[in-house]
Amino acid sequence: MSTDTEDGALQELLGAAPAPEDLLRRLHGRLEDDAARAGVLDVAWTTVDTPVGPLLLAATEHGLVRVAYEREDHGTVLEELARRISPRVLRAPARLEPAVQQLQEYFAGTRTRFDLPLDRSLSRGFRRLVQEHLPEIGHGRTQSYGDVARAVGRPGAGRAVGTACATNPLPVVVPCHRVLRSDGSLGGYVGGPRAKTALLALEGAA
């Protein structure tokens, strides 16, 4: 049941008679703040426009948990987060502000390494081991699938490295785009070949 204070705040919002979009934005902002204060904002998400298309960003209290390309279907990604992490998923840009800023700096060419807390709960076992290695591949550099397999102590597991890269839940931030085939060709990429080429070009590796 609403308190008198809450009713008064709502009446204040409605009485101001703003444009519908402004009213919805203010009401949503209040919902976001209330959820955060109550500790029920398990997964916050937002989107950011980039040169490789709009990216969906999602974060738990522990850190950035998901980066998704538009071709992955953002709605499907949010459903997966609700199923695998928590149904309490809310568009709440404030939690994602540091990630948005660092991505903008990266695409502007002023950032070569991300410094964000990461929630790696969507990855396990060998895939997680590979994904934890990927940031060690420096900006502007590449490794082959075989190189990565050897680096994580599993020589001969190049195909499994490819699977780990393909299922990386944090593309761009965790740079699976820096892993190529042994002949130097692109290999697969969750964002598609154009996005992979664009990221490598941005970093001076292509």
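Predicted model: local features only at pLDDT ≥ 70, side-chain atom pairs only at ≥ 80, totals over all residues.
1. As a reminder, an α-helix has 3.6 residues a turn, so residues three or four places apart point the same way.

2. Have a look at Asp-73, in the loop between E3 and H3. Asp-73 caps the N-terminal end of H3, with a side-chain oxygen 3.0 Å from the backbone nitrogen of Gly-75. Its phi is near 75°, a positive value in a residue that isn't glycine. Asp-73 counts as partly exposed, because its relative accessibility is 41%.

3. Val-172 also has a phi near 75°, again positive in a non-glycine residue. Its place is in the loop between H7 and strand E6 (179-180). Buried or exposed? Val-172 is buried, because its relative accessible area is 1%, and buried means under 20%.

4. Val-172 turns up again in the largest nonpolar core, which has 42 residues; along with Leu-57, Leu-64 and Tyr-69, Val-172 is among those with the most contacts inside it. Strands E1, E2 and E3 each supply at least two residues of this core, and so do helices H4 (93-107), H5 (125-133), H6 (145-151), H7 (158-166) and H8 (193-202). Which element gives the largest share? That is H4, with six residues. In soluble globular proteins, nonpolar side chains tend to be buried together.

5. Leaving out residues up to four places away in sequence, Leu-57 touches Ala-44, Trp-45, Thr-46, Val-48, Leu-64, Arg-66, Val-67, Leu-96, Ala-99, Val-100 and Leu-103. Another core, of ten residues, lies apart from the largest one; Leu-56, Val-65, Leu-81 and Leu-122 are among its members.

6. How many cavities of 30 Å³ or more does a search of the whole structure find? Two. The largest cavity holds about 50 Å³ of space. Its lining is Val-65, Asp-119, Arg-120, Ser-123, Arg-128, Gln-131, Asn-168, Pro-169, Leu-170 and Val-174.

7. From that lining, Gln-131 deserves a click. Gln-131 is found in helix H5 and is buried, because its relative accessible area is 2%. A polar atom of the Gln-131 side chain lies 2.9 Å from the backbone oxygen of Ala-164. Setting aside neighbours within four places in sequence, Gln-131 is in contact with Arg-120, Ser-123, Ala-164, Thr-167, Asn-168, Pro-169 and Val-174.

8. Finally, the overall picture. The protein has eight helices and six strands, and along the sequence they follow the pattern α-α-β-β-β-α-β-α-α-β-α-α-β-α. Of the 206 residues, 43% are buried. What share of the contacts between residues at least 6 apart in sequence join residues at least 24 apart? The figure is 59%.

Technical notes
Residues numbered from 1 in each chain as written. Heavy atoms only, no water. Polar contact = N/O pair within 3.5 Å; in protein donor to acceptor, adjacent residues only side chain to side chain. Helix = DSSP H or I, 4+ residues; strand = E, 2+ residues; numbered from the N terminus. Core = buried A, V, L, I, M, F, W, Y, C linked by side-chain atoms within 4.5 Å. Buried < 20%, exposed > 50% of the residue type's maximum accessible area, 1.4 Å probe, protein only. Contact = heavy atoms within 4.5 Å. 1 Å grid on protein atoms, 1.4 Å probe; cavity = no way out; pocket = protein on both sides within 12 Å on 5 of 7 lines; lining within 4 Å. Points joined across faces, edges and corners; volume = space filled by probe spheres on them.
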